[in-house]
Amino acid sequence: QQQQQLPYPPPQDEEHKRVIDKMAEYVAKNGRAFEETMKQKKSNDPKFAFLFGGAYCGYYLLKLEQAIFALQQEQQQLSQQPPPPPPFQPPLSFPQQEQHQQ
């Protein structure tokens, strides 16, 4: 049997793969502004070439899409749960018992 090839295979180097996976998670959570900041900070770092269309860009974009989808699913599940009950608060004063006259 032929093994199915991924359209965008991950890097062979586990550390490089971890960098890309984490970057996708952070960008999904924090938005594209975070990605832009990292582009400025890591413009000369070859491990971040994927941010500039270099090696493993396709893999990064795929992981980013998956991370965004996972976050949306998580938020949707949270919004479908009923709200938690309010915390118990004892009454400020107890009602006085009525006195029965005989």
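This is a predicted model: local features need pLDDT of at least 70, side-chain atom pairs count only at pLDDT 80 or more; totals for chains, interfaces and linings use all residues.
Residues are numbered from 1 along each chain as its sequence is written, and side-chain values use heavy atoms, leaving out hydrogens and water.

**Exercise 1.** Find the pattern of secondary structure along the protein chain.

*Solution.* Start with the elements: there are three helices and zero strands. Helices are DSSP runs of H or I with at least four residues, strands are runs of E with at least two, and numbering starts at the N terminus. Reading along the sequence then gives α-α-α.

**Exercise 2.** Work out how α1 packs against α3.

*Solution.* First, locate the helices: α1 covers residues 14-30 and α3 covers residues 57-80. Next, take their geometry: the angle is about 45 degrees and the axes are 8 Å apart. Axes are lines fitted to C-alpha atoms, for helices over the stretch in contact, and angles run from 0 to 180 degrees between N-to-C directions. That makes α1 oblique to α3, since angles under 35 degrees count as roughly parallel, over 145 as roughly antiparallel, 65 to 115 as roughly perpendicular and the rest as oblique. Finally, look at who touches: the contact (heavy atoms within 4.5 Å) includes Ile-20, Met-23 and Val-27 of α1 and Tyr-60, Leu-64 and Ile-68 of α3.

**Exercise 3.** Describe the meeting of α1 and α2.

*Solution.* The axes come within 6 Å and cross at roughly 130 degrees. That makes α1 oblique to α2. Now pick out the partners: Met-23, Tyr-26, Val-27 and Asn-30 in α1 meet Arg-32, Phe-34, Glu-35 and Met-38 in α2.

**Exercise 4.** Place Tyr-56 in the chain and check its phi.

*Solution.* Tyr-56 sits in the loop between α2 (32-41) and α3. Its phi is near 70 degrees, a positive value in a residue other than glycine. For comparison, most residues other than glycine have a negative phi.

**Exercise 5.** Name the residues with the most contacts inside the largest nonpolar core.

*Solution.* A nonpolar core is a set of buried Ala, Val, Leu, Ile, Met, Phe, Trp, Tyr and Cys residues joined through side-chain atoms within 4.5 Å. The largest one has 14 residues, and Met-23, Phe-50, Leu-51, Tyr-60 and Leu-64 have the most contacts inside it. Both α1 and α3 supply at least two residues each.

Methods. Buried means under 20% relative accessible area, exposed over 50%, partly exposed in between (1.4 Å probe, protein chains only).
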